[in-house]
Amino acid sequence: MNYLAELPDVLHEVLHEQREIAKLKAPREWLNIDDVYKMKYSWNVVSEVLRLAPPLQGGYTEALTDFVYARYFIPKGMKLFWSGISSHMNPENFPDPEKFDPSRFQGNGPAPYTYVPFGGEPGMCPGYEYARVPILIFLHHVVRRYKLEKLIPGIGTRLKIIPYPLPDKGFPIRLQPRTT
């Protein structure tokens with residue numbers, strides 16, 4: 001919601017996509033899985049949010065063999081912590097990594113193992129694909145029904161991790177019904 005409130009062009013595109021999907025539905029007809037998979041731009045926006053503020057900060061693994069990384073010797077059996085955000089903010093993986101750019105996820109999207117908000121194989125979160133459904137259904141209803149207004153400009157840009165990212169001073173917004 002923070003990015004949609006701050007980026008009117010992105011919100012406009014999401015709203016346009018959601019309205020097009022809603023036009024194809026009968027009054028009071030529920031969304032179905034086919035509708036969810038039509039939300040390509042909206043999912044790219046969600047993916048970019050997850051790149052910038054992944055719900056999973058990292059995880060532990062174990063070295064299966066001896067290896068050298070950045071001139072450091074890592075022995076077999078060593079416990080290692082990997083950080084998804086370090087991949088997400090690496091300019092080799094994502095040019096201009098601080099910029100919010102949903103187009104990064106068009107086509108084939110990022111290279112394997114560079115985008116890991118839900119972990120990576122074999123330790124990927126089993127709910128990854130399920131998460132798409134409630135996130136996009138929530139987004140569909142909120143953007144079509146409400147205008148978002150941040151009550152304190154700039155708030156929501158700094159995150160605290162406890163263990164998932166939250167705005168450090170909360171996220172006070174005003175939701176006003178859309179009239180169009």
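1. Buried here means under 20% relative accessible area, exposed over 50%, and partly exposed in between (1.4 Å probe, protein chains only). Helices (H or I, at least four residues) and strands (E, at least two) are DSSP runs, numbered from the N terminus.

2. Quick housekeeping: this is a predicted model, where local features need pLDDT of at least 70, side-chain atom pairs count only at pLDDT 80 or more, and totals for chains, interfaces and linings use all residues. Residues are numbered from 1 along each chain as its sequence is written, and side-chain values use heavy atoms, with hydrogens and water left out.

3. On to α2, residues 8-23. The buried residues of this helix are Val-10, Leu-11, Val-14, Leu-15, Glu-17, Gln-18 and Ile-21. Looking down the axis of α2, they fall within an arc of 165 degrees (taken from the directions from the helix axis to the C-beta atoms), so they line one face of the helix. The face turned away from that buried side carries exposed Pro-8, Asp-9, His-12 and Lys-23.

4. As for length, α2 has 16 residues and reaches 22 Å from its first C-alpha to its last, close to the 22 Å expected at 1.5 Å a residue. That expected span is 1.5 Å times one less than the number of residues.

5. Cys-125 is listed by UniProt for "binding site", in an unreviewed entry; such annotations may be inferred rather than shown by experiment. Cys-125 lies in the loop between α5 (84-88) and α6 (128-145), and counts as partly exposed because its relative accessibility is 35%.

6. Ile-162 sits in the loop between β6 (159-161) and β7 (165-167). With 48% relative accessibility, Ile-162 also counts as partly exposed.
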